[in-house]
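The notes below follow the order in which I checked them.

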Amino acid sequence: MASKFKQALDQGKFVVTSEVAPPKGVNLEKMAHHIELLKDKVDAMNVTDHQSSVMRFPSLGAALMVKEMGGEPILQMTCRDRNRLALQADLLFAHQRGIHNVLCLTGDSVVLGDHKTAKGVFDLDSSQLVAAVRKMEKGKDMAGNELDGAVSFCAGAIVTPEANPIQPQLIKFEKKIEAGAEFIQTQAVYDLENFKNFMEYARQFPVKILAGIILLTSAPMARFMNKNVAGVTVPQEFIDEMASAPKGGAIKKGIEIAGRQIRQIVDEKICDGVHIMAIGKEELVPDIMAAGGLL
Amino acid sequence: MIRSITRKKPDEELDRLLENQDRVFIFGCGTCTTLTNTGGAEQVQAMQEYLASKGKLVTGATVLPVACDNITHEAVREFSGQINQARALVIMSCAYGVQNIASQLKKMVVPALDTLFIGKETGVGVFNEVCTQCGTCVLGETGGICPVTACHKGLINGPCGGTNNGKCEIDTNKDCAWTLIYNRLAELDRLDLMKRFQPPRNHQGEPSPGKILLGD
């Protein structure tokens, strides 16, 4: 049976996903609180996988927790820390425990994280991981051996619509779809006119696209992203708007901007849904959804 | 010509490796490490002074013409007296030279350098890694630019999301291999090659450690 998230995609409703960030340590209270708060509001929750190459509680364990608490997890899997044996094994486990959505990512370099001398694996890339999922669904492992019980997943991948240069990125995007990606969550988009151009191109492919919305929390945070996060461009007018917020009102302003973006995406039917990333402030996702008219 | 590219080890590491080794002989190399200013005559001289300042007795020093070459044997014999007086050999060649010297002398070797990569001088004082000797060459499908080497993650299906203005996410001094490959293939009107899905790589083209026995 198709996952709840897959059903939501197929029904053509406007889909909303958010994030769950596993903690560094075994205290899962905050994460549990976020899951409880969001599980009935969003269509699915992405569970990040050692986000930014920082070692944390595993995405598989946290996705299981989302499932057990009655939520719908999207298991994020990067190719940075596991070779093809380990990735396939985790897919078997995920399927067997009722996790049926997976987001296939290449993963950030270990050099950017908190274990800078670790070995980056990258035995596979994101498109090859999508292809591996599809192969395992046909009852074979990557080496062509029979599986005693096949998996089934709603498999997705990501794209950076504002990457520079964009052409190589689009070739990779098409390869991910060719490999079998059913949904795409994008890197944060702020310039919606630019994003509309991307969507005009992307519409030709049989794939659902969820626009990435990252909550701006301050003007310096927006400038930091422009400087340090590949493929993310916060337009100057948003930075000015954030800077204009009264003292202590920056987050409220960020929520307002995110809400406005969501409303425009819904009203103009720009894409199939949004993926809201509140980066450490997941408790604000309901406020963002309300500002966007989604609650 | 390709070269073995090296970098001097931190002083603290060298000091640790030389703990309790009071008498040392120093080898430099007249080839790659001379080119990279890591093990030529000047650096060997500086090493002599550094080790003397640390209270070591330097029994002698020489710059071998080619430390990884078979004739190193002859050069080593020439200094056998001074070498015999030393307890450890400080070697300022790449790791190939270190192993070559170690195989000929019953002495502990102390590499003074880290061997970084096999590279090419692409500008004055600029060295780029060109081949990781992976055993499964893909250059025929990328316009002659190696993604296994030039992409930090060794990706073979195109760029990751960390590519930024044609540079790599780990270092703005490093080009994004897939921007270079895209541009090259576009120029050659062969972007069809980049659009082709590449299955997972064979990482065991020659299972490590490499060894080839030439047949008849």
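**Contact between the chains.** I started where the chains meet: 31 residues of chain A and 26 residues of chain B take part. I counted two residues as in contact if their C-beta atoms, placed from the backbone, lie within 7 Å. On the side of chain A that touches chain B, the elements giving two or more residues are α5 (126–137) and α6 (167–179) of chain A.

**Ground rules.** This is a predicted model, where local features need pLDDT of at least 70, side-chain atom pairs count only at pLDDT 80 or more, and totals for chains, interfaces and linings use all residues. Residues are numbered from 1 along each chain as its sequence is written, while chains are lettered from A and ligands numbered from 1 in the order in which they are written.

**A residue in α6(A).** I picked A:E174, which lies in helix α6 of chain A. Is A:E174 buried or exposed? A:E174 counts as buried because it has 20 C-beta neighbours inside 10 Å. The cut-offs are 20 or more other C-beta atoms within 10 Å for buried, 12 or fewer for exposed, and partly exposed in between, with C-beta atoms placed from the backbone. I also checked A:F205, 31 residues from A:E174 in sequence; their C-alpha atoms are 8.3 Å apart.

**Chain A overall.** I found eleven helices and eight strands in chain A. These are DSSP runs numbered from the N terminus: helices are H or I of at least four residues, strands are E of at least two. The radius of gyration of chain A is 18 Å, close to the 19 Å from the globule rule for 295 residues, so chain A is as compact as a globular protein of that length. The radius is taken over C-alpha atoms, and the rule is 2.2 Å times the number of residues to the power 0.38. Buried residues make up 52% of chain A. Of its contacts between residues at least 6 apart in sequence, 77% join residues at least 24 apart.

**Strands β1 and β2 of chain A.** Strand β1 (residues 15–20) pairs with β2(A) in the parallel sense over four bridges. I took strands as paired if DSSP finds at least two bridges between them. A:V20 has A:V47 in β2(A) as its bridge partner. In β2 (residues 44–47), A:A44 and A:N46 point one way, A:M45 and A:V47 the other way, and all are buried.

**Nonpolar cores.** The largest core has 103 residues, and A:V102 and A:I288 touch the most other members. A core here is a set of buried Ala, Val, Leu, Ile, Met, Phe, Trp, Tyr and Cys residues joined through C-beta atoms within 7 Å. Another core, of 24 residues, lies apart from it and includes B:V90 and B:M92.

**Chain B overall.** I counted nine helices and nine strands in chain B. Its radius of gyration is 21 Å, well over the 17 Å that the globule rule gives for 216 residues, so chain B is more spread out than a compact globule. Buried residues make up 33% of chain B. Its domain assignment, which is automatic or from a database, gives domain 1 (3–116) and domain 2 (131–195). The C-alpha centres of these two domains lie 37 Å apart.
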